[in-house]
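Here's a quick briefing on charged side-chain pairs, with the model up next for reference.

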Amino acid sequence: MGDHKITHHRVCNFCEAMCGLAVTFDPQIENDAKKIIVKPDQNDPFSKGSMCPKASVLGSLHFDESRLKRPVKRTESGWAEISWNEAYNTVEEKLKKIRSQYGPNAIASYLGNPIVHNLGMLLFVKRLTDAIGSRNVYSATTMDQLPHHFAAHFMFGHEFRIPVPDIDRTDHMILMGANPIASNGSIMTSAGVTERLRDIQTRGGKFVVIDPRKTETAKIASEHHFIKPGTDVYFLLAFLHIIFRDGRVKYGSVGAHLKNLEKLEPFLKAFTPEGVASITQLDEAEIERLASEFLSHDRAVIYGRMGLSTQIHGGLCNWLINVINIVSGNFDAPGGMMFPSPAIEMARSKTQPDSVGRWKSRARGLDEFYGELPVSGMVDEFLTEGPERVRAFVTICGNPVLSTPSGSRLETALESIDFMVSIDNYINETTRHADIILPTPAGLEIDHYDLIFNTISVTNNVKFSQALFPPGDDRPYDWQVLKELIRRLSVNGVDLFTKFATPRRVINWGLMLGPYGKLSHPKRWLNGLSLDKVIKSEHGIDLGPLRARVPEGLITNDRKINMAPDNFLVRLKTLHDEEFPELVAASQALTAERQSADSFLLIGRRGVNTNNSWMHQYEKLSRSKLVRCTVMMNPEDAERLSISDGEDVAVTSRIGEIRLPAEVTAVMMRGVVCIPHGFGHTRPGMKIPVAQAKPGVSVNDITDHLRTDPLTSNAAFSGLPVTIQALNAARDDIKKNGNQ
Ligand SMILES: Nc1nc2c(c(=O)[nH]1)N[C@H]1C(S)=C(S)[C@@H](COP(=O)(O)OP(=O)(O)OC[C@H]3O[C@@H](n4cnc5c(=O)[nH]c(N)nc54)[C@H](O)[C@@H]3O)O[C@H]1N2
Ligand SMILES: Nc1nc2c(c(=O)[nH]1)N[C@H]1C(S)=C(S)[C@@H](COP(=O)(O)OP(=O)(O)OC[C@H]3O[C@@H](n4cnc5c(=O)[nH]c(N)nc54)[C@H](O)[C@@H]3O)O[C@H]1N2
Ligand code: SF4
Ligand SMILES: [Mo]
């Protein structure tokens, strides 16, 4: 039987890591996920045989009976399959009606995370929101990495000119607010990141984790330090204070291309290690040592991720991380922070100063960024009365009821809107409110090229994955669905791109005209890249380590790095003049007993067996106990509140209350509790058979849409004040009454 087996090579598109896969299947056996065996591709030059458990469910996803294959509409008696034509007609008619009655802004769109992992979606989604014509466009960006884009735009000239740590060549790495062993690396595409981190130690170097939880990454790190959530900005400012105080500033090769550093320097004096120690709960001597060890290496890098960007100081933190790498001589140099050189550039055009803040959200006055409004303000556009109140909702690859702050409020709002359409493969907690769901092929059915993740990869690579199974009759690709909607909804007719572009054409021309392309230089005509050439290299092509790109890669008008953009300085001034002195005064007045018995700061977590709000139904992943929906808390805190491990507790914020089991563990910093997001699969009407172990509760039922970073308006999930209460009394009552 083995004779029939075929091995197909592709890249995994579930997360940012870009692992190469070898998918073996027997074409003679139909409809059996077990016959699809997914293994790591040992010959992929980037991932070199690494893979996590998630990729192993590609077969289950392919044959998943709960995955939608045809459009469905909600009827009084449940979901009914309808033809594509009927689905398109209804969507066109309803959206046009609302648009003509209330204006385009009455239609809101939410673009979910899987879009960036899906070539067809990514190429046309912006054109769809343009065709709808509404300012109410939201995405996962503004509750994730907006501060990275923000710093990149203002310092280097484009939201996609984001530097990444040259992890393979560094001797000393500080990781803040990132847990790559579980997340597999973010804004640092680095398949096999565990080995890459361990290699730093093998080379005789160190990697240091600063995180309020002793994470999976912290456990294998050379050192781990707890930090109070939301206070990293003070640590970073003290770090810079030390560099300037000790005359340790060195720029390396980027020195001639900097401007405005002198505007930042005067602010640094105030942030002494002594002054920030009690605020951050880091030891003063340790701050000094961390900085001086970092500065003693020729190749060092400081990197911050989710925990630093989804907090109240997200924008400042991302800016200061760049500044530290630059003034310590660790920028645009091997082993430091570097710009990748992808085969297809996402950051191309000259800086457009007008692509930020061109309009504000109606209800909250939050600034637009590259055509999108901050998702923290989305629910207010549904709930605040006015002629442009949102009356129709479009979701694409998203589950904002579970993913966005105050998700339960959004859920309530969805019950009273006029029309909702979702492009999604599942009836999830959000799409169950839709009138129409349009499913698209996924997983092994689609071609893939990582336009985004090659732009933030720790080495340069190129790979094109072809679809393995044709989706079958009457199942249009994502890009065909988007094109059809654009055609029907566009006010001014479709542009040439929409008319003629296909994913393969775009990638072919992108590769040929790109820096390694056969059309980019006469000498490359024979061996330069084209789609054909890349497809022939089924394991992918290594384009070499990161290379220096300053000033060539800068997209600022003057080709300089702006070390102190005005909006960042204004925010820093408030911190310097008001917030820091207040915190210093408060921390001097208080002792270690200051924490009132039941008040905590909430942070989040990811586990290697979860992927945001979806994939929880796959048995292979749900069997694993790696992430359970529990609230983690420190043993001393638990003892103080008489809470024992496994016992249900109530976690309450300004927004609401959730109840879930406590997990008492010394990995938590005192005063901090931790709950994963993406759970809460207990809403009624769901079609996905979520495994028993996985329903959990949604932490976003208690996160706060009004809590944002004042600089970028990114959601500030991290450091949310909550109270914790034991429920043992209530539970005893239930037991007595025989209800459990
Ligand atoms: N409290 C808290 N909230 C968070 C976070 C946190 O750390 N804490 N993290 C935030 C972050 S970083 C992110 S990115 C968001 C993610 O949240 P969302 O943007 O809502 O995205 P997902 O939950 O990943 O996926 C949503 C849906 O996409 C659909 N889907 C997946 N692949 C495909 C496909 O190929 N085609 C189609 N048509 N549909 C598909 C699935 O049905 C899935 O239900 O959550 C955010 N929310
Ligand atoms: N297995 C798995 N992998 C994933 C995902 C998934 O859901 N599951 N999601 C993907 C997505 S969409 C993203 S955006 C990436 C995110 O990838 P990462 O950035 O690695 O995100 P997390 O794993 O959430 O790690 C964030 C860390 O920040 C810490 N933290 C929280 N608050 C603070 C703070 O104030 N200061 C400091 N210093 N640390 C803090 C948390 O304890 C946590 O360890 O992961 C991607 N990969
Ligand atoms: S780490 Fe896992 S989910 Fe991410 S790309 Fe690799 S195999 Fe896929
Ligand atoms: Mo994300």
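**Salt bridges in brief**

Lys 573 comes out partly exposed, at 42% relative accessibility (buried is under 20% relative accessible area, exposed over 50%, partly exposed in between, with a 1.4 Å probe and protein chains only). This is a predicted model, where local features need pLDDT of at least 70 and side-chain atom pairs count only at pLDDT 80 or more, while totals for chains, interfaces and linings use all residues. Residues are numbered from 1 along each chain as its sequence is written, and side-chain values use heavy atoms, with hydrogens and water left out.

**Within one helix**
- Lys 573 pairs with Asp 577 in a salt bridge, the closest N and O atoms sitting 2.4 Å apart (a salt bridge is a side-chain nitrogen of Lys or Arg within 4 Å of a carboxyl oxygen of Asp or Glu).
- Both residues belong to helix H21 (residues 566-589), 4 residues apart, or about one turn of the helix (helices are DSSP runs of H or I with at least four residues, strands are E runs with at least two, numbered from the N terminus).
- Asp 577 is partly exposed too, at 36%.

**Across the chain**
- Arg 364 and Asp 380 meet in a salt bridge at 2.6 Å, N to O.
- That pair links distant parts of the chain, 16 residues apart: Arg 364 is in the loop between strands S15 (356-360) and S16 (367-369), Asp 380 in helix H14 (residues 378-383).
- Arg 364 is partly exposed at 24%, whereas Asp 380 is buried at 13%.

**The wider picture**
- The structure holds 44 salt bridges.
- Glu 92, Lys 96, Glu 484, Arg 487 and Arg 488 are linked in a salt-bridge network.

Note on methods: Chains are lettered from A and ligands numbered from 1 in the order in which they are written.
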